[in-house]
Amino acid sequence: MGVTAGTRWASRAQFFSSGFIFATWGVHVPTVKAHYGIDEAQLGLALLAAGAGAMFGLTSAGRWIGRHGARRMAALCGCVYALLLAGLIAMPGYFFLLALLAAFGLVTSVFDVAINTEAAQLELHGGKPLMSGMHGMFSLGGMAGAASGSAALAAGLGAQAHLLWVAAAMVLVVAVASTRMLPRPPAASDAAPADHRFRLPRGTLAVLGVLAALGLIAEGAIYDWSVLYMQQELGSPQKQAALAYASFSAAMAAARFGGDAMRARFSPTALLRGSGILAAVAMALVLLTDLPWLALLGFAGVGIGFANVVPILFGASARVPGVEPAIGIAAVSAVAYLGFMAGPAVIGLLARASSLTAALYVVVVFAAALAASARLTGEDGKRS
């Protein structure tokens, strides 16, 4: 089975599903907090459990995908990812929530590596940038998930019923889309076996990993804390607070759909520098205003700023000479997740020590650091 329009749309559907599931989790962060009666620090620890599971998944993703193929691992992990969503507020206690979120993080990370590996292969086969558009589908899924969550809450649908409906729908989408993904390529009989062992990145991969960490820490803070920020700090009702995630994801999706054209024209260094500056300024606006509508505009600006950071860096990691795409993506993701894993817990602890507003200035700092470090990509020239 070669690369067809159906194959590309299957990949887009997988990214959309990933964003939709993750957004649904983001909408229900306040629900989880209230259901288990936990504070910001305990919520941060729960998010840390998810990060720990993700780290374990990333150290194994390259080996599992190398052995079973991206299609099979995407189908398995994507379906389990959706099913675990239904258990978020069904656990008998906080300890069981930690265990569920650890498993949630594990399958999320492997699913992400699998679908990014697929997207990288499609990009290589097609000879033109596709990764930003694929990540645009993730953001579109995030927007749809957040908007539908807000609508469900406004309509009075119970949280558990909403989670069950989303889980069922996403299992169906992932399962069907997986059947159209590229098959695992047969191994050549005279070729040496590929080495799929995870290694800590060095050289170019290490630089890409650190830059991705800066972006994912800041981006993840919006995913995990924006709804709670609007509700708790600005006094917005939850159905309005959910629009913070929707605003961020919608703007990010729009920017990513134009991102492949930008990547074809401008260098990674220029795009990363501009992205970091815009994200820092927009997040500062969010934190300095007490007007919910202006905060929503700020979250949209943050989404545009971060839109192409991960696509640029993941695409580059799949093209490092002598490195299997799945291994390159997993290695860069692992470094990024080291920060992503610690970020929610750090923000939770800072919020308890001061306020959530003060803690979220971490986003401003890391966005500015990303802009200042953009030259470390070592790719300053325009793309042809």
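**Close-up views of a predicted model**

**View 1. Helix H3 and its bend.** H3 bends by about 45 degrees at Ser60, the bend at a residue being the angle between axes fitted to the seven residues ending there and the seven starting there. Helices (H or I, at least four residues) are DSSP runs numbered from the N terminus. This is a predicted model, in which local features need pLDDT of at least 70, side-chain atom pairs count only at pLDDT 80 or more, and totals for chains, interfaces and linings use all residues. Residues are numbered from 1 along each chain as its sequence is written, and side-chain values use heavy atoms, with hydrogens and water left out. The end C-alpha atoms of H3 (residues 40–68) are 39 Å apart, which agrees with the 42 Å that its 29 residues should span at 1.5 Å a residue.

**View 2. The two ends of H3.** At the start of H3, a side-chain oxygen of Asp39 comes within 3.2 Å of the backbone nitrogen of Ala41.

**View 3. Ser178 in helix H7.** Ser178 lies in H7 and counts as buried because its relative accessibility is 4% (buried: under 20% relative accessible area, 1.4 Å probe, protein chains only). Its side chain reaches the backbone oxygen of Val174 at 2.7 Å. Not counting residues up to four places away in sequence, Ser178 touches Gln14, Arg71, Ala74 and Ala75 (contact: heavy atoms within 4.5 Å).

**View 4. Residues 187–193.** Over this segment pLDDT, the predictor's confidence in each residue from 0 to 100, stays under 50. The model has 0 contacts beyond four places in sequence for residues 187–193. Where pLDDT is low, the predicted coordinates should not be read in detail.

Methods
Buried means under 20% relative accessible area, exposed over 50%, partly exposed in between (1.4 Å probe, protein chains only). A polar contact is a pair of N or O atoms within 3.5 Å; within protein, one must be able to donate a hydrogen and the other to accept it, and residues adjacent in sequence count only if both atoms are side-chain atoms. The expected span of a helix is 1.5 Å times one less than its number of residues.
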